[in-house]
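Open the model in your viewer and keep the sequence panel in view. The tour goes from stop to stop, with something to select at each.

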Amino acid sequence: MVRMQTPRLAMRLPAHVLNGLAVALGIALIQVALTLAAGQLAALAAATGAICASLADLPIAPARTWRRVGAGAVMGWASGLLVSLLRESGVAMGLTIIFLSFCSTMALAWGLRAGPLSFIPILALIFTLAAPPPADATLLWVHSGWTAVGGLLYFGWAVASSRVLQPRYRTLALAAALQALAALLRSRAALLLRTEAGAPPPLQDWIRSQVALDERLQAARDLLFPAAGEPRAGQAIAVLLQAVEMRDTLLAGELD
């Protein structure tokens, strides 16, 4: 009975939970492996780089994963190195904190998808200041090197896990889009029924359903369209295009 229930439970996990489990497993493997191979101090420094890079790891297409995670790893390493070099000077450290905070805030101008990337410099700043300062320049560069190793190792893990989980991500994204389409159809039906009965139409539910559908359709496009050449992706893309056509029909009917 347990063997039959475990796959069903795994199939019910949403994409962000699967992604979170993959992120946690990757960080744990990196820290354990480097603890056994190079010691605790090296593992802690590498874990800092891996955690900073992991913030950019989301359930998206592999081509976008390596760009985001790579950028996150570089940002975390550069921010940590900058703080380590200037932490002994109070004025320079204050200006560095202002600079990193300003860059993080301005990154949010790209929208919610830039949120994880915008937090990486702040997280690197916190981790670097929480660790004891290196005794000399050699230890500083050794610590920075292990941070870069951790970011690089997690970069490889993120790309590999993203490719393994892509089929499940696509299925979940398509299912979420179809659920949002069904909610929009129900909202449209309720709108028509309330209008015919002379009651004020529930416009807020209708608008909210449109916004949710647009977001989920875009997420499904980002995952399914890059896989257009794969054998099993053709039918899913056809279903997605049908959902887009139904959405457009509803909007055209609203204009009529």
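A residue counts as buried under 20% relative accessible area, exposed over 50%, and partly exposed in between, with a 1.4 Å probe and protein chains only as cover. This is a predicted model, in which local features need pLDDT of at least 70 and side-chain atom pairs count only at pLDDT 80 or more, while totals for chains, interfaces and linings use all residues. Residues are numbered from 1 along each chain as its sequence is written, and side-chain values use heavy atoms, with hydrogens and water left out.

**Whole chain.** Show the chain as a cartoon. It has nine helices and zero strands; helices (H or I, at least four residues) and strands (E, at least two) are DSSP runs, numbered from the N terminus. The C-alpha trace spans about 75 × 50 × 35 Å along its principal axes. Of the 256 residues, 38% count as buried.

**Cysteines.** A disulfide is a covalent bond between the sulfur atoms of two cysteines; here the criterion is a pair of cysteine sulfur atoms within 2.5 Å. How many disulfides does the structure hold? It holds zero. The sulfur of Cys103 is 15 Å from the closest cysteine sulfur, in Cys52, which is too far for a bond. Cys52 is buried, at 1% relative accessible area, whereas Cys103 is partly exposed, at 33%.

**First salt bridge.** Select Arg64 and Asp222. A salt bridge is a side-chain nitrogen of Lys or Arg within 4 Å of a carboxyl oxygen of Asp or Glu, and the count by this rule is four. In the bridge between Arg64 and Asp222, the closest N and O atoms are 3.3 Å apart. Arg64 lies in helix H4 (residues 62–86) and Asp222 in helix H8 (residues 203–224), so the pair ties together parts 158 residues apart in sequence. Arg64 is partly exposed, at 23%, and Asp222 is buried, at 18%.

Arg247 meets Asp214 in a salt bridge (2.5 Å, N to O). Arg247 lies in helix H9 (residues 233–255) and Asp214 in helix H8, so this pair ties together parts 33 residues apart in sequence. Arg247 also forms a salt bridge with Asp248 (2.9 Å, N to O). Through shared partners, Asp214, Arg247 and Asp248 are joined into one network. Arg247 is buried, at 13% relative accessible area.

**Last stop.** Select Leu95, in helix H5 (residues 90–107). Is Leu95 buried or exposed? Leu95 counts as exposed, because its relative accessibility is 55%.
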